[in-house]
Amino acid sequence: MTDKKETALDAMYGDGGYQEEKYLGNFLRFKMKREGKRFWAGDNISEYVSEQDKERLIDEATEAFELVLDRLLIDRENDPNSHGTARRLAKMYFNEIMAGRYDPAPDATAFPNDSQDRYEGMLVVRSELRSMCSHHHQPVVGVAYIGLLAAEKLIGLSKYTRIAQWCARRGTLQEELCNDIAREIEKATGAKDLGVYIQAVHGCCENRGIMAHSSLTQTTVLKGSFKDDAGTKKEFFDNIKMQQEFAPR
Ligand SMILES: [Zn+2]
């Protein structure tokens, strides 16, 4: 064995083991398990998946979705509408509805907010979200309100939404999503006083199960003075109310 890559993989799989491993997906799962990396539906695994890997993983997922369609007794050979469905599903998962698992964090350049006329007020950003519940892979559609007291760093306004959407485009639970957004915003801005409020409707309650239309779920995470100071908390929710009155629904 002269190829360096194969040697490293063989070391992982045992002598020549990798060559018998047909699927890159299996290899990557093995690698993450071995390194103790969690890869739940809501986890970002971008450091394990390169852009080139993604192409191959889409091919492998296409094959798997073909099998699912076959098992569902859908004639994907003769039904023109089901012809490319397996590949469309595979691409949609990797590039769209679960892109936040495979893409690295959006670049959020921070600007110092430490001059004499620094901004010290509250900032509330409304971000539209598209997510998917990890239980049923049904759409979760809603808005997140991200509030914070300006810290030493400021990031571009659109970055709040980019970060929120990056967290949302995975298989999530709304409660976890709220925590994830708060954590990533804290990381990007250094703010210790912040709040995230999400309002969303869940496809898994509307399209199946209880079939309840307008099933609205609200979750809130409050940190620092948003949690401990009644005035700050009130200002945050007053801001949300003003946004809701103003924003076209
Ligand atoms: Zn669900």
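Is Cys 204 buried or exposed? Cys 204 counts as buried, at 12% relative accessibility. Buried means under 20% relative accessible area, exposed over 50%, partly exposed in between, with a 1.4 Å probe and protein chains only.

Some ground rules. This is a predicted model, where local features need pLDDT of at least 70, side-chain atom pairs need 80 or more, and totals for chains, interfaces and linings use all residues. Residues are numbered from 1 along each chain as its sequence is written, and side-chain values use heavy atoms, without hydrogens or water.

Now the zinc ion. Cys 133 (SG), His 136 (ND1) and Cys 204 (SG) coordinate the zinc ion at 2.2 to 2.4 Å. Donors are N, O and S atoms within 2.8 Å of the metal (3.2 Å for Na, K and Ca); water is not among the atoms, so sites may look incomplete. His 136 sits in the loop between E2 and E3, Cys 204 in helix H9 (residues 203-206), 68 residues apart. Helices (H or I, at least four residues) and strands (E, at least two) are DSSP runs, numbered from the N terminus. His 136 is partly exposed, at 34% relative accessible area.

Next, the sheet. Five strands form an open sheet, ordered E5-E2-E3-E6-E7, with mixed pairing. Strands pair if DSSP finds at least two bridges between them. E5 (171-172) and E7 (216-223) stand at the edges with a single partner strand each, so one side of each has no neighbour in the sheet. E3 (residues 139-149) and E6 (residues 194-202) run antiparallel, joined by 9 bridges. Gly 142 has Ala 200 in E6 as its bridge partner.
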